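Student: Could you take me through the aromatic rings of this protein, with a close look at how they pair up? I would like the geometry spelled out.

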Amino acid sequence: MPSPHGFGYGVAILQALSLTKSSFRVFCHVVVASLLACATARADLYVADPYDRAIYHLALGGGEASKIFRQVAHPTGLALDGTGNLYAGDLNSGRVYKCVANGEPKVFAEGFSTPFGLAFDRAGVLYVASVNAETAVGTVFKIAPDGARSTVSEGLKLVRGLAFDRAGNLYIAEADTNTVYRVAADGVRTVFASGVSQPIGLAFDAAGNLFVCGQRSGVFMITPAGEVSTFTTNVTDPRWLAFDPEGNLYVTDVGDAAGGAGHGRVYRFSPAGERTLIADTLAYPTGVVIGALAESPRVEAASEIGANGQLSSGLTDAVGKPLMAEPDGKAAASPA
């Protein structure tokens with residue numbers, strides 16, 4: 001019997017589970033990578049700026065904003081998946097890019113007219129809000145990991161931000177009618193709240209309240225019952241927003257855009273509404289997310305593992321989840 005404290009014991013367990021030694025090597029790589037990712041991951045702020053043709057990277061406490069992923073020419077909507085990959089919608093190319101910290105952006109899906117809002121559901125499926133540049137009619141698409149596309153909701157007007165609640169319902173901001181819609185799991189769309197002037201960005205707090213940026217009007221809170229109240233008007237032209245783990249709200253504000261670029265700011269609001277300036281003199285800050293980017297989603301080739309290895313062929317990500325091949329999902333505008 002191998003020592004219960006030694007390497008041989010682990011091999012014996014894996015053999016008992018019908019795993020191969022090559023499986024065990026991959027398992028070790030995955031565990032080590034996961035531990036390193038947990039130890040070094042730091043939640044930071046990522047802000048899209050279509051005017052500056054870049055995504056900014058900032059610390060949550062503020063400081064200098066560095067520009068990353070310049071290959072995404074006109075980013076607006078941003079979203080992070082569960083393994084730390086950043087997704088960015090590019091207005092002019094109609095593409096959605098997948099970005100990792102140490103690599104170049106790759107096209108995840110394309111063929112949209114103007115992809116504005118992005119959001120992931122709890123199953124890790126990406127949703128994209130796109131507006132037809134000629135008709136201003138908006139559609140929300142669902143993009144599966146294998147690139148398959150389907151329509152979730154259509155016939156909208158100037159659709160902008162997306163967000164999911166803890167029950168899996170999808171919320172859609174429709175700027176043209178001052179309406180926030182809720183789409184249930186069965187696809188039925190109903191009016192969740194109205195009265196917020198030109199709603200754009202959406203984000204839920206830990207208590208299940210939906211926060212909404214009203215263009216040139218303020219930030220509003222909508223309770224689960226649909227009751228609307230003003231959170232703050234201490235902004236000029238708020239666009240998108242996100243919560244950090246401590247419950248602070250970060251809001252992008254394009255400022256006086258009529259005066260030209262360079263008036264954009266990022267603010268942090270405490271739960272009590274106290275405002276702190278995080279970044280200043282940005283060109284046109286829009287989409288914002290908070291999280292830690294994956295250094296690389298690829299850890300170890302698993303092609304040598306057979307059926308007994310219990311892992312699919314291809315590559316595994318930093319938490320050991322099998323990676324799909326990069327999809328070719330096929331599903332010039334003013335930024336939101």
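Tutor: Happy to! Let's begin with the rule: rings of Phe, Tyr and Trp (its six-membered ring) pair if their centres lie within 6.5 Å, and planes over 60 degrees apart count as edge-to-face. By this rule, the count in this predicted model comes to 11 aromatic pairs.

One of them joins Tyr87 and Phe120, with 5.0 Å centre to centre and 70° between the planes, an edge-to-face arrangement. This pair links distant parts of the chain, since Tyr87 belongs to strand S5 (residues 86-90) and Phe120 to strand S8 (residues 115-120), 33 residues apart. Buried means under 20% relative accessible area, so Tyr87, at 4% relative accessibility, counts as buried. Phe120 has 17% relative accessibility and therefore also counts as buried.

Now for Phe211 and Phe231: their ring centres are 5.3 Å apart and their planes stand at 80°, so this pair is edge-to-face. Phe211 is in strand S17 (residues 210-214) and Phe231 in strand S19 (residues 228-232), so the pair ties together parts 20 residues apart in sequence. Phe211 is buried, because its relative accessible area is 4%. Both rings also belong to one aromatic cluster, formed by Phe211, Phe231, Phe243, Tyr267 and Phe269.

Charged side chains meet rings here too. The charged end of Arg149 sits over the ring of Phe141, 5.4 Å from its centre. Likewise, Arg189 lies over the face of Tyr181, at 5.0 Å from the ring centre.

Conventions: Residues numbered from 1 in each chain as written. Heavy atoms only, no water. Phe/Tyr/Trp six-rings, centres within 6.5 Å; stacked < 30°, edge-to-face > 60°. Helix = DSSP H or I, 4+ residues; strand = E, 2+ residues; numbered from the N terminus. Buried < 20%, exposed > 50% of the residue type's maximum accessible area, 1.4 Å probe, protein only. Lys NZ or Arg CZ within 6 Å of the ring centre and 35° of its normal.
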